[in-house]
Amino acid sequence: MTALIASAAMAADPASLGATNGHGRLAEPATVEMVDVVKDYGNSRALSGFSLSMRPGELVALLGPSGCGKTTALRTLAGLTPITTGTIKVDGGAVAHLPTNKRDMGMVFQSYSLFPHMTAIQNVEYGLRMRKVAKDERHDRSAEMLKAVGLDALGHRYAHEPSCGQQQRVALARALVTKPSILILDELLSALDAKVRVELRELIRRIQTELRITTLFVTHDQEEALAIADRVAVMRDGLSQQIGTPEELYSRPTSAFVADFVGLSNRVPGVLSARTITACGTTLALLGEPSKDGPVVALVLPEDVMLVDDGIPAVVLTSSFLGSLRRTTVRLDDGLLLTVQHDVSDPKTPGSRVSVTFSGQPVSALQA
Amino acid sequence: MVTATLDASPPAQASEPPSLRRHSMRRDSDAGVSIAPSPATWVVVLAGAGLFFAVPVFALGAFTVRGGQSGGVTLGHWRDLFGGGLGAGAKPLTDGLQNSLLLSFVTVIVMLALLVPAMILVRLHLPRPEKVLEFMCLIPLTIPAVALVVGLAPVFSVVAKVFGSGSWTLAFAYVIVTRPYSYRATQANLVAVYVATLAEAARSLGASWVATIWDVILPNLRRGILAASFISVAVVLGEYTIASLLSRTNLQTALVLVSKRDPYVSNIVVLLSLLLALALLFGLGRVGTQSRRSRS
């Protein structure tokens, strides 16, 4: 598999991977503007004025819990779901009225959606066939794209025959071969096992970067979103809560919801007063929007909790080796559980006594 | 934590030698966990059921080679039929067979032309009326053919004025009669291949609705459509009541007519019809098996 990825990386030459799309014009990365998009399903509102701006060649991840509207947002951009009100523009032109097949977008579905009666290469060719590309050219381009995703040897096999990861690669090749102006990825990694998921997301990122296709990626996995995206939009109740780079979202969330959803946060009870939280005898500055004074739950990142010689006494419960770092869960004397992220060279034995403290970084808080 | 728990308690059977595993399965069976009948029971049940169907067919076949009052075995009746020895006597039969084959063809074409687009449309765009369509398609199952003819008689007086009174017009009635079976066969296929997602994938690749249906949906409904067609042909070939009551000639009415004159010929044709129906069912079975294999 690793060899396949390596060969895929070598083969993925942007100059050869269809520098023109099916219409024969040079494919330039597109801009996307979704402004105040509303989508109602009967009495239920899936999108409540959703707005998103995507720069050319950018990969934006829509991240959020189930039912937050991220898939609806993606489907409205693809034209699979009509919007109730709002504006969707691609390269400055309104597309909300256009049917899906006229939007020049490539899409990969969570369920692969390969055509089962066609071989892998016939699947990849299909988009080019719809664009009336000559037979020889579409075969060459499809074979090349299959090679780019590491599946050049499997082109003759029927769509259901390869493994799940390979099927998803075929789906990716099929979406990319037309060199669409926008690539839309709908939770395409969620059905795969962990190892294949990591390999495939790296492949997607590499090809997307090389081809400079503006990409919208929907996921509910925060690690995946942070790993793959240029920017991440965290959604809740049909609205974008915060859009920013992975680093911004992780270290400077503007709301408790974002902090809670994006990070692996410790929940520490405290008292808020004048934008300062007192928790476990430590004072911490409040991050984000002002909140009502009183009891709160501070959200403290594991890397903002430190093991020290003299601090809050605690007992080690578990300690996990994570490669370049270690996460240790401790219980304070008052029963509060904290996760501490620390150096891998400092293993902790369950049951041993330690001391912890907070780094003093500003934290988000939820009303208690 | 979870890993440690799983590691600490591997599946008990995996660590046991094969002999012990077999023993423990037998214990489960003895304890009443398994309710499957024994192989001997299966053999008895299948043999009984097989005899129940095979004996009449065998008797039918034996009758067709019987040498009349004198007894003995002869292929003379078969030679008479296929050698043209019966001459004009077999004409109703050949007419009936021709009519039934034409009826099968027209019924299948009209049924597919009406049912498949409607089912695809409902599946893709109008999920709410799906139950209504299902009810409409299945309701002929609840109406006896005799009652159906009572309702159809005035309709067919109009049909006769518009299309004439040729036997092929019975196909309009047969489309109704075969609809429940055709619906079920097509519906099972529609559900199994997730047509909505396939259609969305095709549309996202630039396909028009016509291309989506022609290139993607119909090829994946091939098995359902074939099954629906086979069942429809089998039903049409075996239909007697409607044709008889509406005074049309088809294979079954011709058989009744001929059997009054030459019981051997009618029984030979009945036997051949049964074999044809059997071949259709085998074809259906193969289609189903291939469908399951391709899905797996």
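This is a predicted model: local features need pLDDT of at least 70, side-chain atom pairs count only at pLDDT 80 or more; totals for chains, interfaces and linings use all residues.
Among the elements of the chain, helix α1 (residues 2-8) of chain B has the lowest mean pLDDT, 33, while α10(B) has the highest, 94. Next select residues 1-31 of chain B, where pLDDT stays under 50. For this stretch the model has eight contacts beyond four places in sequence. For the complex, the predictor gives an ipTM of 0.79 and a pTM of 0.74.

**Domains of chain B**

Where they meet, five residues of domain 1 of chain B are in contact with six residues of domain 2 of chain B. The domain 1 side of this contact has three nonpolar and two polar residues, and no charged ones.

**A helix pair in chain B**

Now show helix α5 (residues 91-125) and helix α8 (residues 170-192) of chain B. Their axes are 8 Å apart, and the helices pack at an angle of about 45 degrees. α5(B) and α8(B) are therefore oblique to each other, and their crossing is right-handed.

To see the side chains at the crossing, display these residues:

- from α5(B): B:L103, B:V106, B:T107, B:V110, B:M111, B:L114, B:L115, B:V116, B:M119 and B:R123;
- from α8(B): B:L170, B:A171, B:Y174, B:V175, B:T178, B:R179, B:S182, B:Y183, B:T186, B:Q187 and B:L190.

Coloured by class, the residues of this contact between α5(B) and α8(B) divide into 14 nonpolar, five polar and two charged.

**Where chain B touches chain A**

Bring chain A into view and select the contact between the chains, with 20 residues from chain A and 18 from chain B. On the side of chain B, α9 (195-204) and α10 (209-220) each supply at least two residues. α9(B) gives the most to this side, with six residues. Which classes make up the side of chain B that touches chain A? Ten of its residues are nonpolar, six are polar and two are charged.

**Domains of chain A**

Finish on chain A, selecting residues 2-251 for domain 1 and 264-367 for domain 2. Taken over C-alpha atoms, the centres of domain 1 of chain A and domain 2 of chain A are separated by 38 Å.

Note on methods: Residues are numbered from 1 along each chain as its sequence is written. Chains are lettered from A and ligands numbered from 1 in the order in which they are written. Two residues are in contact if their C-beta atoms, placed from the backbone, lie within 7 Å. Helices (H or I, at least four residues) and strands (E, at least two) are DSSP runs, numbered from the N terminus. Ala, Val, Leu, Ile, Met, Phe, Trp, Tyr, Cys and Pro count as nonpolar, Asp, Glu, Lys and Arg as charged, and the others, Gly among them, as polar. Domain bounds come from an automatic or database domain assignment. Axes are lines fitted to C-alpha atoms, for helices over the stretch in contact, and angles run from 0 to 180 degrees between N-to-C directions. Angles under 35 degrees count as roughly parallel, over 145 as roughly antiparallel, 65 to 115 as roughly perpendicular and the rest as oblique. A crossing is left-handed if the near helix is turned anticlockwise from the far one by less than a right angle, and right-handed if clockwise. pLDDT is the predictor's confidence in each residue, from 0 to 100.
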